[in-house]
Amino acid sequence: MQIDPRGPRLAAALSSVVLLLTLHTGSRPLLAAQTLVFALGAIGGLRLAPYIRLCQVLVLPRLAPPAETADERTLRFDQGVCLVFAVVATLGCYSGVTWLGLLAGAAAFTASFVNAAFGYCVGCEVYLVLRRAQGRPTAGT
């Protein structure tokens, strides 16, 4: 399914803010909540991703139609990549391995921030590279 890529980009901005707050404050519950947000998007699909839904309901209807669309699979894979980093960060923070929590949290923040600020979706690019490596077509993705 093709979707408006501006919703996930705005969601990445929200994720960046939340992750920056967790890195700054060390709030484990906030980090766990952000991990759940990524899990909903990666496992349940973008229709269940809270920030993306929020953008689709409140922001996108007020904008002109998108100039281009994006394949939902790549964006869902990106949510999975961020989920892995967030899970490792959460486990690190709750288990007392603070350095691991900070490192993985910084990686999740970086991926989200790069998407929000520059429109470069790290997980989307990894998805396309993996598809090509498997010999699968990437047209339309």
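Predicted model: local features only at pLDDT ≥ 70, side-chain atom pairs only at ≥ 80, totals over all residues.
# Helix packing, pockets and cavities

User: Which residues of α1 meet α5?
Analyst: From α1 the contact takes in Pro 8, Arg 9, Ala 12, Ala 13, Ser 15, Ser 16, Leu 19, Leu 20 and Leu 23, and the residues they meet in α5 include Leu 102, Gly 105, Phe 109, Phe 113 and Phe 118. By class, the residues of this contact divide into 14 nonpolar, five polar and one charged.

User: Which residues lie nearest the centre of the largest cavity?
Analyst: Of the 13 residues that line the largest cavity, Pro 8, Ala 12, Asp 78, Gln 79 and Asn 115 lie nearest its centre. Pro 8 and Ala 12 of α1, together with Asn 115 of α5, also belong to the helix contact we began with.

User: Which helix gives the most to that lining?
Analyst: α4 gives the most to the lining of the largest cavity, with four residues, and α1, α4 and α5 each supply at least two. The lining has eight nonpolar, four polar and one charged residues.

User: What lines the second largest cavity?
Analyst: Its lining is made up of Ala 11, Ser 15, Gln 34, Val 37, Phe 38, Ala 49, Tyr 51, Ile 52 and Gln 79, with α2 giving the largest share, three residues. By class, the lining of the second largest cavity has six nonpolar, three polar and no charged residues.

User: Switching to pockets, what volume does the largest one have?
Analyst: The largest pocket has a volume of about 390 Å³. It is lined by 20 residues, of which Pro 5, Glu 68, Ala 70, Gly 119 and Cys 121 lie nearest its centre, and the elements giving two or more residues to that lining are α1, β2, α4 and α6.

User: How many charged residues in that lining?
Analyst: There are five charged residues in the lining of the largest pocket, alongside eight nonpolar and seven polar ones.

User: And the second largest pocket, which element gives the most there?
Analyst: α5 gives the most to the lining of the second largest pocket, with four residues, and α1, α2 and α5 each supply at least two. About 170 Å³ of space lies in this pocket, and the residues lining it include Leu 23, Arg 28, Leu 31, Cys 93, Leu 102 and Gly 105. The lining of the second largest pocket divides into four nonpolar, six polar and one charged residue. Among these lining residues, Leu 23, Leu 102 and Gly 105 are also part of the contact of α1 with α5.

Methods
Residues numbered from 1 in each chain as written. Heavy atoms only, no water. 1 Å grid on protein atoms, 1.4 Å probe; cavity = no way out; pocket = protein on both sides within 12 Å on 5 of 7 lines; lining within 4 Å. Points joined across faces, edges and corners; volume = space filled by probe spheres on them. Nonpolar A, V, L, I, M, F, W, Y, C, P; charged D, E, K, R; others polar. Contact = heavy atoms within 4.5 Å.
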